[in-house]
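Q: I have a new model open and I'd like to learn how to read it. Can we walk through it together?

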Amino acid sequence: MQYCEKCKVKITGINQCCPLCKGDLTGNQDETTKVFPKAKLKKQSKHILLKTFLLCSVIAAFICAALNISLKAQGLWSLFVFAGLISIWLIIGIVFKKRQNPMRTILCFSLITSLLALLWDVMTGFFGWSTNFVLPFLYTFTIVITSLTIPIFRLKKEDYLFYLSIEAFLGIIPLVLLLLNIIKTAWPSAICAASSFITLAALVIFNGPAFKEELSRRFHI
């Protein structure tokens, strides 16, 4: 323990000088004695949102599988749900590796996957599975993933408004194809369009001025 001759006090811990008078200290430094106890911090899970979404994904997969088995005449539509869920977690994995700009990564992945699906469908005779199922599910899941990424990475408005709006506009494409009678299965496109319109409405209602300013800045309006 150290001692200050001027202040006549004993001092614990490791000190170069007296904390009161800044004078010299005598004695040995006490490395074992700490002036302040170490506070125990409560452990908070940073990935509680991801764990919750993972559980929801598993539940959705089993529910869809059960419904598909019960409704045999409806085809193996649950496989598209499984493929969509796998795509979601694949995108999430890529986003966590490319943390510098997760919004751009999600959008680029969505666009590349769309083009590959369309190309594959065309090269195999174009049975319409890319436009009927892949595009609607992909754009819907992209909006969902982006919405999850925003609170996880605590993104600022200027970091996600532009990309989320682009994803919402992409989600309207299946509806346009449905109205042009290019798509024959309506419900995936209807779900995708509903997700897009809800997203755009939320952006306008909660971030109206910032949303308009961001679009103006991006497109130099």
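Q: What pattern does the protein chain follow along the sequence?

A: Helices (H or I, at least four residues) and strands (E, at least two) are DSSP runs, numbered from the N terminus. Here the chain reads β-β-β-α-α-α-α-α-α-α, that is, seven helices and three strands. This is a predicted model, where local features need pLDDT of at least 70, side-chain atom pairs count only at pLDDT 80 or more, and totals for chains, interfaces and linings use all residues. Residues are numbered from 1 along each chain as its sequence is written, and side-chain values use heavy atoms, with hydrogens and water left out.

Q: Is Asn207 buried or exposed?

A: Buried means under 20% relative accessible area, exposed over 50%, partly exposed in between (1.4 Å probe, protein chains only). Asn207, in helix α7 (residues 186-219), counts as buried because its relative accessibility is 10%. Leu55, in helix α1 (residues 48-70), is exposed at 52%.

Q: Which residues is Asn207 in contact with, leaving aside neighbours within four places in sequence?

A: Contact means heavy atoms within 4.5 Å. For Asn207, the partners are Lys157, Tyr160, Leu161 and Ala202. Tyr160 and Leu161 are among the buried residues of α5.

Q: How many residues does helix α5 have, and how far does it reach?

A: The expected span is 1.5 Å times one less than the number of residues. Helix α5 (residues 157-170) has 14 residues and reaches 20 Å from first C-alpha to last, close to the 20 Å expected.
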